[in-house]
Amino acid sequence: MSKQRNLIEKSHTQGDLRTCSKSKGANPLQSLKATLSDTRGFVLAEQVISIVFIGLLCVVIGVGLTAAFQSYRTAQETTRAHELLTRAVSEVSDDLAFARAIDGTGVDCAYISPTTNTLVRLGNDVKGSGIVLMDAASKSDSTTGLLNGATTGGSTDFSGDAVSSNEVLFVPSSQGLTVAISDVECNSDQKSNTLQWSYRIEILRATDGVVLADTDMVVAWIG
């Protein structure tokens with residue numbers, strides 16, 4: 001009986017060893033195929049977690065894209081503002097530096113513009129269209145107060161108000177940006193014994209008036 005029992009236990013042990021060896025040597029492709037063929041699907045909790053995760057991912061992506069587009073628009077707007085500021089400074093500085101004559105000194109003095117060849121003052125269009133050259137009107141005659149001995153040729157009327165209604169658009173606003181000039185003055189520089197123009201130019205967003213770019217300039221009068 002003891003011999004039979006030993007034989008039975010030995011056969012069982014050998015069978016277990018054969019089973020373990022078969023399981024260890026199983027084909028990985030068969031295991032993957034068995035996993036993929038499992039049709040039990042997700043439980044309800046897994047589905048809820050997946051939906052919540054996808055929703056949070058969409059929110060994060062949406063916020064990131066919105067911030068990226070806003071940064072891009074801001075950068076583009078700032079670039080356009082500085083380009084317009086550079087162009088306005090160049091146009092205004094040339095007109096003031098090469099003025100044919102200057103009528104008086106101080107704040108808002110008039111000069112004969114090389115652009116229009118008439119006595120003008122720099123100003124802003126009331127509708128925000130840009131910087132304009134406004135026909136100047138003075139109570140003096142056509143020669144008094146004009147430096148460098150220049151005259152207006154008798155064509156400018158000095159008997160009206162400080163500024164007439166005639167305007168020439170000099171530096172236009174563009175692409176939702178408004179260009180404006182202020183603090184225009186012409187004063188004598190005692191060190192160099194020359195006249196110098198000073199002014200300020202701002203580039204504003206047309207919708208809310210926020211200043212995007214600005215600069216203060218000093219330009220010597222060359223004549």
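Reader: Which residues have the most contacts inside the largest nonpolar core?

Author: This is a predicted model, where local features need pLDDT of at least 70, side-chain atom pairs count only at pLDDT 80 or more, and totals for chains, interfaces and linings use all residues. Residues are numbered from 1 along each chain as its sequence is written, and side-chain values use heavy atoms, leaving out hydrogens and water. A nonpolar core is a set of buried Ala, Val, Leu, Ile, Met, Phe, Trp, Tyr and Cys residues joined through side-chain atoms within 4.5 Å, with buried meaning under 20% relative accessible area, exposed over 50% and partly exposed in between (1.4 Å probe, protein chains only). The largest one has 31 residues, and those with the most contacts inside it are Val92, Tyr111, Leu122, Trp197, Tyr199, Ile201 and Ile203.

Reader: Which element gives the largest share of this core?

Author: Helices (H or I, at least four residues) and strands (E, at least two) are DSSP runs, numbered from the N terminus. Several supply at least two residues each, including β6 (163-172) and β8 (194-205). The largest share, eight residues, comes from α3.

Reader: How many disulfides are there?

Author: A disulfide here is a pair of cysteine sulfur atoms within 2.5 Å. Cys109 is in none, as the nearest cysteine sulfur, that of Cys186, is 4.4 Å away. The count comes to zero.

Reader: Is Cys109 buried or exposed?

Author: Cys58 has 51% relative accessibility, so that one counts as exposed. Cys109 has 6%, so Cys109 counts as buried.
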